[in-house]
Amino acid sequence: MSKETVAIIGGGVAGISAARYLASEGFAPTIFENHDEFGGQWNLTNPDSGVWPTMRTNTANFATKLSDVQYRPGVNIFPRNGEVLDMIRDMVDANELNDLFKLGAEVTKLERDGDGYAVSWTDNAGDHRKSFDRAIVASGRFIKPEIPKVPGMDGFTGKGGVLHSHRYKDPYEFRDMNILVLGGSISSMEVASDQAMMGRGQIYMSQRRQRYVMPKMFAGVPLEFYAFTLEGAEALDDIETDDLLAGTKEFLELKGGNPARYDAPAPHDDMAKAGVTGSQHYLNLVAEDRIAVRPWVKSISGDQVTFEDGTTVQVDAIIIGTGFDLHLPFLSEEIAATTNVSQKSLDLCQFTFHPDLPGLAFMGLWAQLGPYPVVLEQQARWIAYSWSGRIDAPTEAELRQGVQDCIEQEHHTGYREQHEMAVRFARLATTMPDAGDDTELATILPKCPITGEMFRISGPDSDPNAAAWVKTLFWRYAEIPLKRELGAQLGLDENGKAL
């Protein structure tokens with residue numbers, strides 16, 4: 001009996017995760033990647049990648065990885081972009097996925113074909129079309145830069161020109177220039193910080209609103225131990241929205257501080273409108289006046305930029321960091337209309353399936369606060385397990401209700417948080433951790449940040465080494481008072497050793 005075939009569009013973390021679990025469940029996946037190497041955003045040579053050579057991750061290594069492999073020896077807490085790519089390569093090698101790729105294959109159309117789906121693509125050998133039993137769209141959320149409409153920007157005359165942060169590939173090209181960075185989230189803050197610490201020019205940050213800004217670590221404890229824990233995700237089930245927002249605001253001001261204390265603008269008093277992002281250096285650079293925060297741009301004339309407060313500055317370059325639009329040009333008209341695809345989202349059950357498109361899944365196409373790998377791995381497992389029959393697939397009624405929930409809950413607005421999404425998919429995939437009779441694990445697990453190994457402790461594809469890995473992580477990085485408190489309950493010292 002031949003295996004069911006699955007076309008996977010995208011050779012980044014999402015597509016590779018899908019292939020790994022589909023293959024282990026008995027499917028025959030093929031990964032279409034338009035670049036001549038896999039790795040997606042983490043491959044610096046990929047034209048669709050927004051990575052620049054000096055970029056490090058904004059999230060800790062244990063949360064920015066797949067569970068089958070560890071980072072290579074010598075990799076620090078916040079890996080270089082090339083070290084993340086090495087981890088992905090090791091994942092592909094460990095699961096013998098290399099032969100599943102069609103590299104240099106640009107997909108031009110995905111369409112219904114009887115009970116399955118047909119993929120059309122172009123490569124060096126010409127144009128092709130092939131039918132598959134099923135298909136997964138895993139082409140990435142951050143491909144098409146969103147360019148704001150600013151009067152006069154098309155005529156900007158500064159020597160550094162105008163570019164989106166997605167094309168920020170040579171930081172030294174702008175060294176010592178006066179630079180205007182547009183936007184107020186991660187990419188814009190990281191680019192502004194990069195330039196402020198490297199050169200002698202003045203860096204201006206123009207934003208529509210000031211978000212709360214969280215650093216990567218607090219006194220040696222990674223942010224993930226505070227913001228993206230298992231108990232934090234599970235608490236979202238019962239907490240009222242107002243209480244959640246109030247608690248979030250209190251946490252942000254306690255750990256990150258109100259940006260106004262650094263001489264940045266104050267965030268909106270309503271936490272629902274304020275927003276949050278992450279950057280290790282940004283607020284300190286604002287406090288040192290190495291980044292000057294300005295309101296949104298009103299107009300540009302030559303190399304002169306006028307802001308909405310009436311002030312004007314001269315800049316040599318403009319770097320745009322205002323985000324991305326969803327870009328799925330290869331979807332057939334039928335699939336696009338069925339999913340109501342827009343610049344920001346699709347109407348799907350649990351961000352994945354649509355009842356009128358059986359055998360088709362979408363991965364990783366929401367905007368997220370926090371790293372994607374752990375979440376994508378759980379989403380891949382849900383897809384693979386439900387398609388193979390290892391777990392019950394959602395019924396048509398559940399799928400239709402899920403699409404309705406997507407619309408009513410406005411899944412197209414705002415950012416989803418990493419721990420929320422990981423637990424969402426782990427519950428669906430039946431991969432939530434069960435500590436069993438391991439008292440130590442049961443005690444520390446709620447306090448641990450979301451990691452891939454956490455969801456390999458029990459259930460399908462469990463890993464006998466996962467529990468030990470999670471324990472090592474906790475005793476290495478958790479806050480010392482917490483380790484002492486839990487250690488005392490367990491008869492262990494703050495390093496997890498028996499007293």
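Keep in mind that the model is predicted. The pairs are α1 with α10 and α14 with α15, and the loop residue is M363.

**α1 and α10**
- Helix α1 covers residues 13-24 and helix α10 covers residues 373-388; they pack at about 35°, with axes 8 Å apart.
- If you look at the handedness, α1 and α10 make a right-handed crossing.
- On the α1 side you'll find V13, A14, S17, A18, Y21 and L22, and these meet P373, L376, E377, A380, R381, A384, Y385 and W387 of α10.
- Sorted by class, that contact comes to 11 nonpolar, 1 polar and 2 charged residues.

**M363, in a loop**
- M363 sits in the loop that links β22 (360-362) to β23 (368-369).
- Its relative accessibility is 1%, so M363 counts as buried, the cut-off being under 20%.
- Leaving out residues up to four places away in sequence, M363 touches A14 and A18, then I136, V137 and A138, and also L376, Q379, A380 and I383.
- A14 and A18 belong to the α1 side of the helix contact above, and L376 and A380 to the α10 side.
- Take Q379: it is 16 residues from M363 in sequence, and their C-alpha atoms are 7.1 Å apart.

**α14 and α15**
- Helix α14 (residues 466-477) packs on helix α15 (residues 480-490) at about 130°, and their axes are 9 Å apart.
- The two helices are therefore oblique to each other.
- F474, W475 and R476 make the contact from α14, while α15 brings L482, K483, L486, G487 and L490.

How values were computed
Residues are numbered from 1 along each chain as its sequence is written. This is a predicted model: local features need pLDDT of at least 70, side-chain atom pairs count only at pLDDT 80 or more; totals for chains, interfaces and linings use all residues. Side-chain values use heavy atoms; hydrogens and water are left out. Axes are lines fitted to C-alpha atoms, for helices over the stretch in contact, and angles run from 0 to 180 degrees between N-to-C directions. Helices (H or I, at least four residues) and strands (E, at least two) are DSSP runs, numbered from the N terminus. Angles under 35 degrees count as roughly parallel, over 145 as roughly antiparallel, 65 to 115 as roughly perpendicular and the rest as oblique. Contact means heavy atoms within 4.5 Å. A crossing is left-handed if the near helix is turned anticlockwise from the far one by less than a right angle, and right-handed if clockwise. Ala, Val, Leu, Ile, Met, Phe, Trp, Tyr, Cys and Pro count as nonpolar, Asp, Glu, Lys and Arg as charged, and the others, Gly among them, as polar. Buried means under 20% relative accessible area, exposed over 50%, partly exposed in between (1.4 Å probe, protein chains only).
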